[in-house]
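Got your viewer open and ready? Let's take a short walk through this one, picking things to select as we go.

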Amino acid sequence: MVNYIWVFMTIVGFVFAMFNGTIEEVNKAIFDGAKEAVTLCIGLISILVFWLGMMRIAQESGLLDLLSKLFRPLVKRVFPDVPTNHPAMGYILSNMIANMFGLGNAATPLGIKAMEELKQLNGGKNSASRSMVTFLAINTASITIIPTTVIAIRMNYNSASPTEIVVPTLIATIISMLGAVMIDRYFYNRRSRKG
Amino acid sequence: MEFLSLISLGFIPVLIGFILLYGTIKQVPTYESFVEGGKEGIKIAVSIIPFLVGMLVAITVFRASGALEALMNWIRPAMEAIGVPAEIVPLILIRPISGTAALGMTSDLIAVYGPDSFIGRLASVLQGSTDTTFYVLTVYFGAVGIKKMGDALKVGLLADVVGIIAAIVVVVLVFGAQ
């Protein structure tokens, strides 16, 4: 899907430019866009290095594990089908914590492990179980405490206050997380009424 | 709402201070761990260069040709009727599909309209607050061989809609409309 959107934007841009007499601007845009992207990534290095360094300390000191313990009782209620001490619960929690702190790369392998465990709980079937749908919903609407990349981009473009969006982002993600859990419940109830 | 900005400002120093102190108490070699973790940051920043180059070139071409403006003018009345700035619509559409594409659009919006403009702030919160539903769905279900997704896509996309609405409402409440 991204492939089509990408080609669409470029080709439509070219065709539009021919009719619009903006072909000169478009030529310049190709090189400007590429340059902008590289400059941006270089600018991202600073904060990514700093934040991932901090998170490594949090990980090795056991702070992240402590957080998952704290959230366990809450998450248990969202996943009533998963036994409390099942490894799936551990992976789900670590995945959520990693997402919260903007550690997307660390979150993905944990999420896959969680899915594997959930599949086993479901008897290895190739259809999504109730918990899998819930986990997915929570994942796409995960709470964000530090939107690292966004802060970095804002710094790059000289924001007067790059971090002013931290609390609004946190509030918005808490709302969307609650929304995801409720929507998930609604669909589950609908399914179980039918079947 | 001054109060919220204050929390936003103080939050990161407090969090960093806490991580450092907790690490020291737990006798983690803090500086060495920091450096180890930091190396990963370089890898990530470098690895997203091709994604951003591809997407930013496409967006810049689309914008420079005048096509983006034509599209904006076309959808503006409908979008403004429901209180959504037209400029943000492409970002909303691409957010559930591709994270890096959305990152490119967010940085483009911030570059063009300024990070402290209404659109810049809205783009920031939107980028931070929703995740790439299709990516998560494909990767997580694909990795463990789930063929029948059940309600997963529906639930994920509806959750995105909630997230987008929440982002717009929160930004308007905290920073005021345009």
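Predicted model: local features only at pLDDT ≥ 70, side-chain atom pairs only at ≥ 80, totals over all residues.

**Stop one: where the chains meet.** Color chain A and chain B separately and look at the contact between them. Chain A brings 85 residues to it and chain B brings 92 residues. Now stay on the chain A side and pick out the elements that give two or more residues there: α1 (2–20), α2 (23–60), α5 (104–121), α6 (130–140), α7 (148–156) and α8 (166–194). The top contributor on this side is α2(A), with 26 residues. Sort this side by residue type and you get 51 nonpolar, 24 polar and 10 charged.

**Stop two: two helices crossing.** The crossing is right-handed.

**Stop three: what touches what.** Show side chains here. From α2(A), select Leu40(A), Gly43(A), Leu44(A), Ile47(A), Leu48(A) and Trp51(A); they meet residues of α7(A), including Thr148(A), Ile151(A), Ala152(A) and Met155(A). This contact is made up of nine nonpolar residues, four polar and no charged.

**Stop four: the core.** Which residues touch the most other members of the largest nonpolar core? Select Leu136(A), Ala137(A), Leu91(B), Leu122(B), Leu126(B) and Ala167(B), out of 109 residues in that core. Once again α2(A) turns up: it gives the most to this core, with 15 residues. To finish, center on Leu91(B). Leaving aside residues up to four places away in sequence, Leu91(B) touches Ala102(B), Met105(B), Thr106(B), Leu109(B), Ala123(B) and Leu126(B).

Conventions. Residues numbered from 1 in each chain as written. Chains lettered and ligands numbered in written order. Contact = placed C-beta atoms within 7 Å. Helix = DSSP H or I, 4+ residues; strand = E, 2+ residues; numbered from the N terminus. Nonpolar A, V, L, I, M, F, W, Y, C, P; charged D, E, K, R; others polar. Left-handed = near helix turned anticlockwise from the far one by under 90°. Core = buried A, V, L, I, M, F, W, Y, C linked by C-beta atoms within 7 Å. Buried ≥ 20, exposed ≤ 12 C-beta atoms within 10 Å, placed from the backbone.
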